[in-house]
Amino acid sequence: MTAKQIHLAAHFPGVNNTTVWSDPEAGSHIEFSSFVKLAQTAERAKFDFFFLAEGLRLREQNGEIYDLDVVGRPDTFTVLSALAAVTDRLGLAGTINSTFNEPFEVARQFASLDHLSAGRAAWNVVTSWDAFTGENFRRGGFLPQDQRYSRAETFLRTAWELFDSWRGGELLADKESGRFLADGGAFAHHDDHFDISGRFPVPRSPQGRPVTIQAGDSEEGREFAAATADAIFTRHGTLEAGQAFYSDVKGRLAKYGRSPHELVILPAATFVLGDTDAEAHELAHEVRLQQVSEQTAIKFLEQLWNTDLSDHDPNGPLPSFDPAVGDLISKGRASVRMHRDPIATANEWRQLAEAKHLTSRELIIEVTGRQNFIGSPETVASAMNELVQENASDGFILVPHVTPGGLDRFADEVVPRLQERGVFREDYSGPTLRHHLGLA
């Protein structure tokens with residue numbers, strides 16, 4: 001049996017609890033040179049794409065800006081369009097919200113990016129879940145979950161209608177007849193969400209439509225991905241959880257007339273490399289201590305306990321009282337939605353802390369870590385390949401803990417080992433992101 005090929009992408013994370021902004025090697029999270037450095041490293045290593053997240057409002061806690069989310073979120077299209085000029089093959093993926101934007105404007109921006117990049121644009125379609133973020137926008141408020149995904153799917157399909165209003169042969173430029181353009185770009189869409197018509201001003205781009213990425217994990221999100229997405233960005237990266245998610249989502253494709261290869265599943269993953277496995281694990285421990293400082297541990301506790309814990313000792317036991325239920329003191333953080341039953345979660349944390357003799361900070365380090373690869377370059381290459389070959393994923397979106405140089409050693413030492421195994425490309429086989437991902 002032929003080995004599956006691994007897909008890799010690079011995530012530019014901004015300032016958050018994944019990055020270690022205090023590291024001597026860390027640079028700016030908003031200067032263009034940082035974006036260029038990470039993107040060009042990813043392209044040198046033949047990655048599929050560069051990925052930008054989105055932050056529509058500075059997140060707050062106890063009424064103050066949460067200091068790990070202050071910068072690192074300039075306008076997505078501005079950054080990606082600029083990167084198109086300093087890269088040649090690397091895909092350029094941007095997260096753009098479907099709750100507060102309009103299909104015409106987003107379609108125009110992505111079609112333009114696809115032209116400027118010669119077919120390398122990708123759209124991570126997301127929804128917004130909270131009224132706090134909505135306060136920055138004209139409509140304000142937010143939509144219930146079922147309506148969010150209804151609007152998102154309608155938004156995406158409306159954008160597709162705009163992309164497809166040009167078929168690709170309308171630009172004649174016939175000097176003999178003097179005719180430059182055949183009729184094209186006409187659209188009309190009318191439903192409960194959008195009532196628009198006119199002519200789309202951007203001719204058909206190299207990919208026709210940008211690659212569509214989706215990141216939802218709810219039942220509605222999984223169904224949305226199965227129906228519409230080319231790739232899905234997931235948090236299920238371990239073998240067992242990854243296989244369950246992989247099987248579930250790919251199993252939904254048939255009812256939409258799609259084949260398993262038409263959806264690429266890419267969990268987020270961090271990595272720490274060392275000359276030996278022991279050295280890497282020692283370094284990884286130091287990284288986690290930097291990522292979860294005493295201050296950050298308190299912030300995470302507050303997100304569950306929904307209470308000001310500024311006087312709590314992070315090096316002592318967890319709070320003895322139960323979380324408060326009601327209006328959230330943490331504003332704009334999607335992670336708080338995971339605490340659907342805060343009291344039950346607090347009890348689980350207490351049991352884990354007691355069993356492993358963990359302080360509050362040590363507990364937070366334990367429960368907030370994402371999927372990661374730790375070891376020598378050989379160990380990391382082997383672990384990644386195993387998860388892909390065992391159908392726990394199709395590849396990974398890598399999140400370096402140091403920006404912008406944190407991808408360098410992976411590019412120089414892990415990628416060659418994957419290439420030696422025959423599971424990662426030696427060079428790009430085509431010009432567009434759809435070529436890289438094996439999509440039609």
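Lys 37 forms a salt bridge with Asp 408, with the closest N and O atoms 3.0 Å apart; a salt bridge here is a side-chain nitrogen of Lys or Arg within 4 Å of a carboxyl oxygen of Asp or Glu. The pair links distant parts of the chain: Lys 37 sits in helix H1 (residues 32-44), Asp 408 in helix H13 (residues 408-420), 371 residues apart. Helices (H or I, at least four residues) and strands (E, at least two) are DSSP runs, numbered from the N terminus. This is a predicted model, in which local features need pLDDT of at least 70 and side-chain atom pairs count only at pLDDT 80 or more, while totals for chains, interfaces and linings use all residues. Residues are numbered from 1 along each chain as its sequence is written, and side-chain values use heavy atoms, with hydrogens and water left out.

**Overall shape**

- The protein has 14 helices and 16 strands.
- The C-alpha trace spans about 80 × 50 × 45 Å along its principal axes.
- Of the 440 residues, 53% count as buried. Buried means under 20% relative accessible area, exposed over 50%, and partly exposed in between (1.4 Å probe, protein chains only).

**Salt bridges**

- The count comes to 27 salt bridges.
- Lys 37, the partner of Asp 408, is partly exposed at 32% relative accessibility.
- Asp 394 and Lys 4 meet through their side chains in a salt bridge (3.1 Å, N to O). These two are 390 residues apart: Asp 394 lies in the loop between helix H12 (377-389) and strand S16 (395-398), and Lys 4 in the segment before strand S1 (7-12).
- Asp 394 is buried, with a relative accessible area of 7%. Lys 4 is partly exposed at 22%.
- Arg 421 pairs with Glu 378 in a salt bridge, the closest N and O atoms being 2.7 Å apart. Arg 421 lies in the loop between H13 and helix H14 (433-437) and Glu 378 in helix H12, so the pair ties together parts 43 residues apart in sequence.
- Both partners are partly exposed: Arg 421 has 31% relative accessibility, and Glu 378 has 39%.
- One network, joined by salt bridges that share partners, holds Asp 217, Glu 219, Arg 222, Glu 223, Arg 235, Asp 248, Arg 252 and Lys 255.

**Surface patches**

- Patches are made of residues with over 30% relative accessible area and no salt bridge; like charges are joined within 9 Å, and nonpolar side chains (Val, Leu, Ile, Met, Phe, Trp, Tyr) within 5 Å. Accessible areas come from the Shrake-Rupley method with a 1.4 Å probe; for residues, only the protein chains shown count as cover.
- Glu 161, Asp 191, Asp 192 and Asp 195 gather in a surface patch of negative charge. Lys and Arg count as positive and Asp and Glu as negative, while His and the chain ends are not counted. The place of a charge is NZ of Lys, CZ of Arg, CG of Asp or CD of Glu.
- Asp 191 is in the loop between strand S9 (186-190) and strand S10 (195-199). At 31% relative accessibility, Asp 191 is partly exposed.
- A nonpolar surface patch is formed by Leu 171, Phe 180 and Leu 181, with about 310 Å² of accessible area together.
- Leu 181 belongs to strand S8 (residues 179-181) and is partly exposed at 39% relative accessibility.

**Backbone details**

- The peptide bond from Thr 403 to Pro 404 is cis, with omega near 5°. Pro 404 is in the loop between S16 and H13.
- Asn 62 is not a glycine, yet has a positive phi of about 55°. Asn 62 lies in the loop between strand S3 (60-61) and strand S4 (64-65), and is partly exposed at 32% relative accessibility.
- His 357 also has a positive phi, near 55°. His 357 is in the loop between helix H10 (342-356) and helix H11 (360-368), and is exposed, with a relative accessible area of 70%.

**A buried strand residue**

- Leu 52 is in strand S2 (residues 49-52) and is buried, with a relative accessible area of 6%.
- Leu 52 and Phe 110 are 58 residues apart in sequence and 14 Å apart in space, C-alpha to C-alpha.
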